[in-house]
Amino acid sequence: MSEVIENEEVKDIQIDFKPAVINILEEEKFKESISRVVAEYTGHVPSVENLTVDKKTRASLNKLITKIETRRKEIKKTINVPYAEFEGWYKKAIAPMEKVIETIDAGIKKIETEQKEARKKVVHELLVELTTDTEVDSRIFENFVDDWAKASNFNDTKPKKQLIDSITYVIDGEKQKIAEYKANKDTISNFCFGNNVSDTPYIRMLDSGKSVSEVMSAISEDVLFEKQRKEAEEKRKEAEKQRQAELKKQQQEFETRKLEASFNSDASVSTEIIQSEPEKTKSIPDEEIAEISGAEIVQKYRAVIEICFSSLEEKNQWKKVMIDNGFGDFKAKEFGKI
């Protein structure tokens, strides 16, 4: 410290002043006039009938108090004149010293900032060192760095044990969070796998802050809903299948009844049984002929049914009904109109 300051060569400011004296003349008379006005209007309630008079009263009271306030301000201004002159002289006199203080203060703050940045660097190095070979990302602790970098946590630039312990504690807590998250994620994934559903939306729920119990509950609800939906769909399909089978059966019965009615009313039928000659056997392999060479020749007969239709459309409809009802292959011969 400089000798100028140590020897107190800059003396305390010496001022010779006399405090202002304010004498209130006729103080009691002033207070009495105020009391009379207050007494006259205390409890007065304006009314519609006296509104004009009440407005004039308000204006008069405001004018009176404004007059008194103006006088008070004049007195204050007069009293403050000597102090205002002194204050102007004082600020001008100490301005050079304030400038020196500002320069020194700026230099100190610069050094302190550089020292803090050096301590923050040490903190960052500690974070990287203590999170190496772990799944913890040291960057997530950035909000703590300013507090950890306080001068009270260091001996010069060397971190104190309490700082190292504090950082280690926070990192261990993050390790535990990661382990719990992985365990919860595995629990969710395994449960989803067992129920044959994707775990993606439920992992997102966990990441958004939902507890593992809330996520598991959501999975159970979704699985139950999907099971009920599938059961309902299967029942619907089975009911539709039965309905279609019933419709087909009804259609076949309808066509059969329609055919019978056609036989009884619209068609003229004559039948003729004609004994047929033995059918010519087709060329078959030798081994097949050997198997039937000793068999008895059976006479075969065939029946020819003539059905007359009024139109080609009616004939085709009859043919379709016969095929649909399982009467097999047949030959239909078309004749001219009768």
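Let's start with the aromatic rings: a search of the whole structure finds four aromatic pairs. Here, rings of Phe, Tyr and Trp (its six-membered ring) pair if their centres lie within 6.5 Å. Take F144 and W148: the ring centres are 5.4 Å apart and the planes are at 25°, so this pair is stacked. The cut-offs are under 30 degrees for stacked, over 60 for edge-to-face, and tilted for the rest. Both residues sit in helix α4 (residues 142-148), four residues apart, about one turn of the helix. Helices are DSSP runs of H or I with at least four residues, strands are runs of E with at least two, and both are numbered from the N terminus.

A word on the source. This is a predicted model, where local features need pLDDT of at least 70, side-chain atom pairs count only at pLDDT 80 or more, and totals for chains, interfaces and linings use all residues. Residues are numbered from 1 along each chain as its sequence is written, and side-chain values use heavy atoms, with hydrogens and water left out.

How confident is the predictor? pLDDT is its confidence in each residue, from 0 to 100. The chain averages 83, and 79% of the residues score at least 70. Over residues 267-298 the pLDDT is below 50, and this stretch has 26 contacts in the model beyond near neighbours in sequence. Contact means heavy atoms within 4.5 Å. Residues 334-338 are also below 50, with three such contacts. Where pLDDT is low, the predicted coordinates should not be read in detail.

Now helix packing. Two packed helices are described by the angle between their axes and the distance between the axes. Axes are lines fitted to C-alpha atoms, for helices over the stretch in contact, and angles run from 0 to 180 degrees between N-to-C directions.

First pair: helix α3 (residues 51-131) and α5. Their axes come within 10 Å and cross at roughly 45°. That makes α3 oblique to α5. Angles under 35 degrees count as roughly parallel, over 145 as roughly antiparallel, 65 to 115 as roughly perpendicular, and the rest as oblique. Among the residues in contact are L126 and L130 of α3, and I164 and I167 of α5.

In α5, the residues Y181, N184, K185, I188, S189 and C192 meet Y202, I203, L206 and D207 in α6.

Last stop: E174, found in helix α5. Which residues does E174 touch, not counting those up to four places away in sequence? V136, I140 and F141. The C-alpha atoms of E174 and V136 are separated by 6.8 Å, although these residues are 38 apart along the chain.

Terms used: pLDDT is the predictor's confidence in each residue, from 0 to 100.
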